[in-house]
Amino acid sequence: AKYTWVEKDTCIACGACGATAPDIYDYDDEGLAGVVYGGDDNTGNTEIPEEMYDDLQDAVDGCPTDSIKIADCPFHKEG
Ligand code: F3S
């Protein structure tokens, strides 16, 4: 299983992730990215389906500040 979460403290709102994986990431009022897939609300607790793994990895690779985290278990973050 794969889970993802965005570290907003280091996100510079570059916008690459939402362009690469719009079903997984979207932006808040400040333009900072967060996980929206399945109503995740950037908690990192929603399992990302296997068919989205390519988009997920492309987003991780494309983030200039390494703000997109992925792991095999839930992150349990708050927003
Ligand atoms: Fe932020 Fe990285 Fe996305 S800087 S907007 S998390 S590509």
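Trainee: In this predicted model, does Gly39 count as buried or exposed?

Mentor: Gly39 is found in the loop that runs between β3 and α2. Exposed residues are those over 50% relative accessible area. Gly39 has a relative accessibility of 63%, and therefore it counts as exposed.

Trainee: Is Asn42 buried or exposed?

Mentor: Asn42 belongs to the loop between β3 and α2. The limit for a buried residue is under 20% relative accessible area. Asn42 has a relative accessible area of 2%, so it is buried.

Trainee: What distance in space separates Asn42 from Thr65?

Mentor: In sequence, Asn42 and Thr65 are 23 residues apart. Taken C-alpha to C-alpha, the distance between Asn42 and Thr65 is 17 Å.

Trainee: What is the phi of Asp41, and where does this residue lie?

Mentor: Most residues other than glycine have a negative phi. Asp41 is not a glycine, yet its phi is positive. Asp41 lies in the loop between β3 (33-35) and α2 (53-62), and its phi is about 60°.

Trainee: Why does Asp41 count as exposed?

Mentor: The class of exposed residues begins over 50% relative accessible area. Asp41 counts as exposed because its relative accessibility is 57%.

Trainee: What phi does Asp66 have, and in which loop is its place?

Mentor: Asp66 has a positive phi although it is a residue other than glycine. Its phi is near 55°. The place of Asp66 is in the loop between α2 and β4 (68-71).

Trainee: Which residues are closest to the ligand, and how many surround it?

Mentor: The ligand sits in the largest cavity. There, 14 residues surround the ligand. The closest are Cys11, Ile12, Gly15, Cys17 and Cys63.

Trainee: How many residues of each class make up the shell around the ligand?

Mentor: Cys counts as nonpolar, whereas Gly is counted among the polar residues. On this basis the shell has no charged residues, three polar and 11 nonpolar.

Trainee: Which ring lies under the charged end of Lys77, and at what distance from its centre?

Mentor: A charge sits over a ring if NZ of Lys is within 6 Å of the ring centre and within 35 degrees of the ring normal. The charged end of Lys77 sits over the ring of Trp5, and the distance to the ring centre is 4.4 Å.

Trainee: Over the face of which residue does Lys2 lie?

Mentor: Lys2 is 5.8 Å from the ring centre in question. The ring whose face Lys2 lies over is that of Tyr53.

Terms used
Residues numbered from 1 in each chain as written. Predicted model: local features only at pLDDT ≥ 70, side-chain atom pairs only at ≥ 80, totals over all residues. Heavy atoms only, no water. Near = heavy atom within 4 Å. 1 Å grid on protein atoms, 1.4 Å probe; cavity = no way out; pocket = protein on both sides within 12 Å on 5 of 7 lines; lining within 4 Å. Sits in = over half its atoms within 2 Å of the grid points. Helix = DSSP H or I, 4+ residues; strand = E, 2+ residues; numbered from the N terminus. Buried < 20%, exposed > 50% of the residue type's maximum accessible area, 1.4 Å probe, protein only.
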